[in-house]
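This report concerns charged side chains and the contacts between them. Please consult the sequence and the structure shown here while reading.

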Amino acid sequence: MGGVGTIETGPSTDARLVERTVDRPEEFSAIFERHFAAIHRFLARRVGNVRADDLAAQTFLTAFERRARFDPAADSARPWLFGIAVNLMHNDRRAERRLLRALMRLDATTERDPVGELELVPARLDASRDSARVASALLALDQDQRDVLLLHAWADLSYPEIASALEIPVGTVRSRLSRIRETLSTVLDEPSTPSEKEHS
Amino acid sequence: MTDQLTMIRHFRGEVAEPAEDAWTIARDALERAIEAERTQHRVRHGGRRVRKHRHLIAIALLVAALSAGIAAAAIVLPDLTAPAPGGPATAPPRELVEAFAVLRGARHGADALPQAGASALTTQGSFGPHYGVNPRLSRLLITPDGQKLWLVPGRDGSCIYGPDGGSACAANASIVLEGLMLALVPVDGAAPTITGIAPDNATVTTTDKDGSSHLIPLHGNAYTVSGDPHLARFTIRDIDGREFASQAPGPPPAKLASPTSSR
């Protein structure tokens, strides 16, 4: 019986695209178009839009330069790209803490955006009511814990994908989330302060 | 945890999609990197040995400004290595920005100077601090044959940092007219590889020992002349027709020459 050829009909997987960029680097643009918005949104949430513009661009430049290290067994480039983005973000640790501290001061009564300079506008006022507590909870986490939690909650990565992004074992992801749970319980389950109750 | 996670998810809000500017800046930066690699790829597979000097033991480099004499001036003027009174520049000087298109676009991640370059240009006693050079203002240029070159602006003067670790610095007043070049001179006597920058709209011409002239291609503000043993002179002609000529770099100092290269 003769051999059966395969015809690629659907969109290429990230792994195939990255593989092809060895000889055709211009095809990396497809990876950029596919994932830039998600990476930028994640970074904007963590460090504000202004820093996100720069970091998102750097993420794809770094990914392009390091694409030979991309694991061809990984179907999606998302965890890899988020991992690069997180690493780049660590170079400016203060940016995230600055943003969180600003959100802690969020003025829920006036709907004023206290972080206008960072161009991050909270989605809804009822979210802003809890903003101070959530920002406070996130600040109570260390950098590694925050990375795990926010890759899960904001980037929607699975545990194995987080492990891949941060180059840590899946077990470490689980244990970090366990510790995060304890910390969040302590901070978020505390009764609201009187001033917060006024807003609620 | 589910409630807590819901709260954290809710907290992420609804950030806007990246602005068109963000897309453009990132896309441009990536396209530049892709184009640089494609150029290198073409060169690698084009049969030319444009990177010949990498296989040689090159001396770290000959600081060479097109205005001949910059290196010599460093020796006779005792204060040329004193730090600039105002410290490093906080922005590229206006005259430099007006002369070099590469400084007029947004600065991207790819423009970052390699750490080795930043160290070399900020070492006390070197030309960098004297001119008030600031590595954070660096811009990447890609030569027509795909080599990377960084322009590092400073308060009074600026430097270029080459792919093999060499650097050259000169006063901004000179650079805006005559550009700046960096020559890697192999110690075995082979012809130097010259990488340089020229102001917008300038032309670069080389003249060989037999008197024949060649127009050198520019990519943006950058050019390379690779290992031409017949090279005798360099000429930069600016948009107003003014010409600035200089001799091609000579052989390395005898004490640096490789013993195996003597003939």
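The sections below describe salt bridges and a charged surface patch in a predicted model.

## Salt bridges between chains

Across all chains of the structure, twelve salt bridges are found. One of the pairs is formed by the side chains of B:R27 and A:E33, with an N to O distance of 2.8 Å. Because B:R27 belongs to helix α2 (residues 20–44) of chain B and A:E33 to helix α2 (residues 28–47) of chain A, this pair joins two chains. B:R27 is partly exposed at 24% relative accessible area, and A:E33 is partly exposed at 37%.

A salt bridge also links B:E17 and A:R41, whose closest N and O atoms are 2.7 Å apart. This pair crosses between chains: B:E17 is in the loop between α1 (2–11) and α2 of chain B, and A:R41 is in helix α2 of chain A. The relative accessible area of A:R41 is 23%, so the residue is partly exposed.

## Salt bridges within a chain

In chain B, B:D200 and B:R104 form a salt bridge, with 2.7 Å between the closest N and O atoms. B:D200 lies in the loop between β7 (193–197) and β8 (203–208), and B:R104 in the loop between α4 (94–99) and α5 (115–122), so the pair ties together parts that are 96 residues apart in sequence. B:R104 is partly exposed, at 47% relative accessible area.

In chain A, a network of salt bridges links A:R20, A:R24 and A:E27.

## Positive surface patch

A:R94, A:R97, A:R98 and A:R101 form a positive surface patch. Of these residues, A:R94 is located in helix α5 (residues 93–104) of chain A. A:R94 counts as exposed because its relative accessibility is 62%, the cut-off being over 50%.

Methods. Residues numbered from 1 in each chain as written. Chains lettered and ligands numbered in written order. Predicted model: local features only at pLDDT ≥ 70, side-chain atom pairs only at ≥ 80, totals over all residues. Heavy atoms only, no water. Patch = residues over 30% accessible without salt bridge, like charges linked within 9 Å, V, L, I, M, F, W, Y side chains within 5 Å. Areas by Shrake-Rupley, 256 points an atom, 1.4 Å probe, with all protein chains shown as cover. Salt bridge = Lys/Arg side-chain N within 4 Å of Asp/Glu carboxyl O. Lys, Arg positive; Asp, Glu negative; His and termini not counted. Charge placed at Lys NZ, Arg CZ, Asp CG, Glu CD. Helix = DSSP H or I, 4+ residues; strand = E, 2+ residues; numbered from the N terminus. Buried < 20%, exposed > 50% of the residue type's maximum accessible area, 1.4 Å probe, protein only.
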